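Biologist: I'd like a close look at the inside of this protein, please. What packs together in there, and which side chains pair up?

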Amino acid sequence: MGECFSIQDPGDPRLRDYVDLRDVRLRMSLEAEHGLFLAEGAKVIRRAVQAGYVPRSFLLAPRWLDGLRTEIQRSPAPCFVVEESVARELTGFHVHRGALASLERRPLPSVEAVLATARRVVVLEDLVDHTNVGAIFRSAAALGIDAIVLSPRCVDPLYRRSVKVAMGAVFELPYARLEDWDDGLNRVRTAGLEVLALTPSREAEPLETVMAEVDRVALVFGTEGAGLSRRWLDTADRQVRVGMSAGVDSLNVAACAAVVCYVLCAENLTKQTRNATS
């Protein structure tokens with residue numbers, strides 16, 4: 001069991017993993033340099049530890065000590081106990097969930113390893129919003145997607161905001177990152193997956209029609225503003241659209257991903273529900 005320390009000084013060097021959590025550039029640099037990521041909230045911290053991520057330290061308000069007692073006792077990592085005012089000055093915001101943990105990153109598997117046995121895959125091209133990435137991971141995990149593949153410039157799923165929005169789904173769903181954007185979709189196709197590019201274009205095929213015809217499939221979603229690049233649209237096997245009411249031309253990428261994943265996995269989800277209630 002790691003030792004617990006009560007700390008009153010937000011400048012204490014032992015707390016350096018938690019400095020300025022609102023400064024995205026600083027955090028990306030610090031976390032990459034030290035090979036760490038942060039989990040926020042007792043439930044997310046538990047899920048990270050249960051998934052095998054090794055804690056570096058815990059930062060807790062006193063009221064959260066009992067709630068994370070098991071995780072603290074099982075880890076040699078130190079636990080820093082601070083008042084909420086100290087946590088706010090240290091992190092740059094009000095940590096309303098009262099609990100943070102710094103954990104060691106693990107090496108990502110290769111794209112080929114992640115795709116080897118996957119039947120339903122989500123591919124994300126250059127998403128820049130951590131909230132959207134977290135939401136997509138949460139929906140994908142809930143709806144039966146087997147893996148996620150990220151383009152080289154897609155934001156980090158283990159960034160604190162992504163982890164928080166995903167409610168820990170980033171720890172459960174296998175994912176990998178492409179090293180080369182240019183030939184990325186061809187690597188996905190080589191794994192035996194049919195590549196479907198999501199687009200609001202009226203020339204694209206209707207979602208329901210396509211989903212009834214596919215087996216092993218990769219669903220490809222583009223960045224929040226411009227959508228998929230022309231190259232990835234043209235490289236895909238088929239272009240697919242979600243039908244919408246007149247006057248609405250597109251969905252938020254996280255909402256679109258949830259809709260498409262549900263339609264793709266609906267049959268399996270229905271079978272699981274029947275089995276659970278029988």
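Predicted model: local features only at pLDDT ≥ 70, side-chain atom pairs only at ≥ 80, totals over all residues.

Modeller: Residues are numbered from 1 along each chain as its sequence is written, and side-chain values use heavy atoms, leaving out hydrogens and water.

Let's start with the packing. A nonpolar core here is a set of buried Ala, Val, Leu, Ile, Met, Phe, Trp, Tyr and Cys residues joined through side-chain atoms within 4.5 Å; buried is under 20% relative accessible area, exposed is over 50%, and partly exposed is in between (1.4 Å probe, protein chains only). The largest core has 59 residues, and I148, L219 and F221 touch the most other members. Helix α12 (residues 253–277) gives this core its largest share, eight residues; helices (H or I, at least four residues) and strands (E, at least two) are DSSP runs, numbered from the N terminus. Take F221: beyond four places in sequence, its contacts (heavy atoms within 4.5 Å) include V122, L124, L198, V253, C256 and V260. There's also a second, separate core of 21 residues, with V188, L193, V195 and W232 among them.

What about the cysteines? A disulfide is a covalent bond between the sulfur atoms of two cysteines, and the cut-off used here is a sulfur pair within 2.5 Å. The structure holds zero of them. For C154, the nearest cysteine sulfur belongs to C261 and is 14 Å away. C265 has C261 as its closest sulfur partner too, at 6.1 Å, which is too far for a bond. Both cysteines are tucked away: C154 is buried at 4% relative accessible area, and C265 is buried at 2%.

Now the charged pairs. A salt bridge is a side-chain nitrogen of Lys or Arg within 4 Å of a carboxyl oxygen of Asp or Glu, and the structure holds 20 of them. One joins R160 and E40, with their closest N and O atoms 2.8 Å apart. R160 sits in helix α7 (residues 160–166) and E40 in strand β2 (residues 36–40), so this pair ties together parts that are 120 residues apart in sequence. Both R160 and E40 are buried.

Another bridge is R63 with E84, at 2.9 Å from N to O. Here R63 is in the loop between β3 (55–60) and α3 (69–74), and E84 is in helix α4 (residues 84–91), so parts 21 residues apart in sequence get tied together. E84 is partly exposed at 27%. R63 turns up again among the contacts of G98, along with L59, L60, A61 and W64, if you skip residues up to four places away in sequence. G98 is in the loop between α4 and β5 (99–104) and is buried at 7%. From C-alpha to C-alpha, G98 and L60 are 5.9 Å apart, although 38 residues separate them in sequence.

Then there's R189 with D237, at 3.0 Å from N to O.

Some bridges share partners, joining R27, E31, R105 and D156 into one network. R27 lies in helix α1 (residues 24–34) and is buried at 1%. Beyond four places in sequence, R27 touches R16, D17, D20, L38 and Y159, among others. D20 sits in the loop between β1 (4–6) and α1 and is partly exposed at 35%. D126 also has a positive phi, near 60 degrees, and isn't a glycine. You'll find D126 in the loop between β6 (120–124) and α6 (130–143), buried at 12%.

Finally, the stop at the surface. M244, V248, L251 and V259 form a nonpolar patch with about 280 Å² of accessible area together. Nonpolar patches are made of Val, Leu, Ile, Met, Phe, Trp or Tyr residues with over 30% relative accessible area and no salt bridge, joined by side chains within 5 Å. L251, in the loop between β12 and α12, is partly exposed at 37%.

Note on methods:
Patch = residues over 30% accessible without salt bridge, like charges linked within 9 Å, V, L, I, M, F, W, Y side chains within 5 Å. Areas by Shrake-Rupley, 256 points an atom, 1.4 Å probe, with all protein chains shown as cover.
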